[in-house]
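Here are a few notes to read with the model open beside you. Take them one at a time and find each spot as you go.

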Amino acid sequence: MILLNQVVQGILLGGYYALIACGLSFMFGVMRIINLAHGSIAVLAAYLVWMVAEHWNLSPFLALVAVIPVMAAAGWLLQRTVLDRSLRSGALTPLLSTFGLAVMLDNSLFEKFGADTHSLAPDIGDLAFNSWNFGDVTIGQLALLTFGVAIALLGGLQIFLNRTPLGRAIRATADDPDTAELVGIDSRKVYAAAAAIAIATVAIAGTFLGMRATFDPYTGPAQLIFAFEAIVIGGAGSLWGTLIGGVVLGVAQNLGSQVSPRGFLIAGHAVFFIVLAGRFVLAGRDPRTLLRVLRKAPA
Amino acid sequence: MSDAAPITVQRWSPVSIAAMAGLGALLVVLAFGPFYMGPYLTDRLTTLLIYVIMAAMWNALAGYGGLVSVGQQAFFGLGAYAAIRLSHLGLEVYLALIVAPLLVGLLSVPLSTFALRLRGGEFAIGMWVFAELTHLLVNLDGLVQGETGTSLIALSEFAPDTRRALNYWVALVVMTVLVAAVFFLLRSRAGASIQAIRDNEEAAASLGVRVMATKRLIFVLAAVGCAAAGALTLSTLISFQPKTYFSVQWTAYMIFMTLVGGLGTFEGPILGAVIFFVIETFFGASGVWYLVGLGASALLFSLFLPRGIWGTFRERFGIQLMPVGYRLQFRSRP
């Protein structure tokens with residue numbers, strides 16, 4: 001039964017990973033950019049929320065409402081100043097420029113806030129540790145809320161992409177920016193809007209990072225890696241795949257931690273490489289063939 | 001038509017012959033370094049030699065192979081770890097520093113089959129995940145004692161001055177061998193293939209370039225080089241803490257040096273290493289502001305000066321010191 005509880009905790013943790021992966025996945029889907037500063041931006045958002053919450057003595061949720069527009073504007077600015085130029089100068093440039101940005105951000109945060117760890121948990125009172133118990137299975141209220149927010153955000157983005165004019169413009173630009181331009185879409189504006197949305201979701205993810213754990217200026221790269229693993233495990237380019245990827249990652253980590261204290265991270269990275277290797281082995285082979293073989297076997 | 005083609009291919013130019021001669025002379029002067037340099041200068045120059053290795057390797061990978069890796073610290077850390085392991089097993093310590101990178105290179109061969117199937121950003125972060133995983137796995141070794149770390153005890157048998165000189169010479173020889181390896185690789189048939197792949201993989205493959213084999217060659221070379229840099233760093237620091245060696249900071253340094261010097265040029269990364277070395281010497285003590293500066297420079301160079309200082313200089317003046325390319329000479333018509 002302890003194992004069952006670990007699996008449940010893993011699934012809930014997967015909600016956080018899906019949340020942090022959301023913006024990375026969205027940006028990759030639209031612009032084909034892997035933003036290496038993604039994790040650092042999430043930590044920046046966590047610091048902003050912490051500052052606003054401390055200064056005006058607000059709940060982090062209210063502080064987040066104030067920080068989201070700021071981060072969206074930052075996303076827009078990021079697109080206009082860095083990503084737009086990077087995109088035009090070749091496939092490698094976005095990686096180099098966003099990595100430079102990440103190094104810059106992490107160390108600037110260190111200069112401003114020092115090495116001390118911070119957390120938003122003290123500001124949310126009971127929510128940080130309250131939970132419901134079902135036999136051996138414990139469900140933390142914050143963890144469930146995180147999971148719910150992840151589903152709402154992924155679902156909301158999906159509806160936005162499918163149903164709204166801007167969503168359609170984003171999809172068209174993602175498919176083929178040049179053709180989109182022909183039908184009157186300004187791809188630069190669309191990219192800037194997409195970047196604003198992506199970074200706004202990062203603000204939400206950063207806030208939940210701050211509420212569920214502690215963070216320091218160098219927490220960013222680890223968040224980038226978790227987000228990336230969730231995306232790759234779930235299959236890049238699909239928003240719901242990201243949720244599945246996050247859950248797989250979270251479950252693997254929690255089961256790994258049962259084996260050894262260091263097993264948490266090792267199991268997470270291992271499952272990432274196993275899924276990748278599996279995909280390479282299957283590459284070029286129709287998975288339906290495999291299904292047909294399996295179906296025929298008993299006959 | 002009876003005459004030879006109006007264009008001749010030139011590989012050596014007077015400038016490059018002079019540059020090679022100058023480089024040879026510089027190496028000879030450097031080889032006697034420990035006899036006329038003080039202990040501080042010898043130590044610092046050893047560090048510079050290590051930086052040149054790191055920059056040259058990352059440039060080979062990204063500038064020529066088109067493979068941006070954020071995980072080269074995996075090989076850097078593994079090189080140091082392998083050296084400690086080998087020395088612990090009884091191998092003579094300086095021999096261990098040489099054998100360790102070769103072992104890491106051996107390990108990178110099967111890894112390459114896997115890693116090279118990843119593209120662009122996937123390769124970049126995939127390598128980073130690999131570095132994180134190797135870091136965790138190295139920590140499992142009892143010899144390392146987790147994050148507490150251990151040290152290359154065998155080095156303490158040497159008198160400090162002897163050790164300093166030996167470190168310097170080993171670094172100088174390893175740097176020369178690795179940079180020469182890049183040089184000859186680029187001049188060879190593989191060099192043309194490598195650049196063709198970087199510019200357009202599909203087109204290169206359609207011309208009969210063996211894409212996978214060529215990329216693997218450069219991946220393994222970069223792995224050996226970064227492992228050598230790690231092992232040499234261990235020889236200067238003696239202590240081994242996994243967190244330090246597997247830090248992504250090493251890759252950040254490599255990226256900075258290559259971008260500032262000139263990505264995809266042979267001479268650029270060497271210039272970048274010297275620039276980084278000077279900056280570190282003067283501003284290294286000023287805390288993390290200098291790291292903020294490194295990140296900002298990488299960002300600005302990638303956006304506004306993608307060919308770096310040397311690449312821009314070369315473009316403007318048409319000078320190539322090291323003859324790694326082909327120059328077409330138009331014969332004037334009579």
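**Notes on the two chains**

1. Four bridges tie β2 (residues 131-134) of chain A to β3 (residues 137-140) of chain A, and the two run antiparallel. Strands count as paired when DSSP finds at least two bridges between them. Together β2(A) and β3(A) make a hairpin with two residues between them, and A:Gly135 in the turn has a positive phi of about 60°.

2. A word on the ground rules. This is a predicted model, where local features need pLDDT of at least 70 and side-chain atom pairs count only at pLDDT 80 or more, while totals for chains, interfaces and linings use all residues. Residues are numbered from 1 along each chain as its sequence is written, with chains lettered from A and ligands numbered from 1 in the order in which they are written.

3. Chain A has twelve helices and four strands. These are DSSP runs numbered from the N terminus: helices are H or I with at least four residues, strands E with at least two. Its C-alpha atoms fill a box of roughly 55 × 50 × 35 Å along the principal axes.

4. Now look at where the chains meet: 33 residues of chain B are in contact with 32 residues of chain A. Contact means that C-beta atoms, placed from the backbone, lie within 7 Å. On chain B's side, α6 (120-140), α12 (249-261) and α14 (289-304) each supply at least two residues. α6(B) gives the most, with eleven residues.

Note on methods. Two residues are in contact if their C-beta atoms, placed from the backbone, lie within 7 Å.
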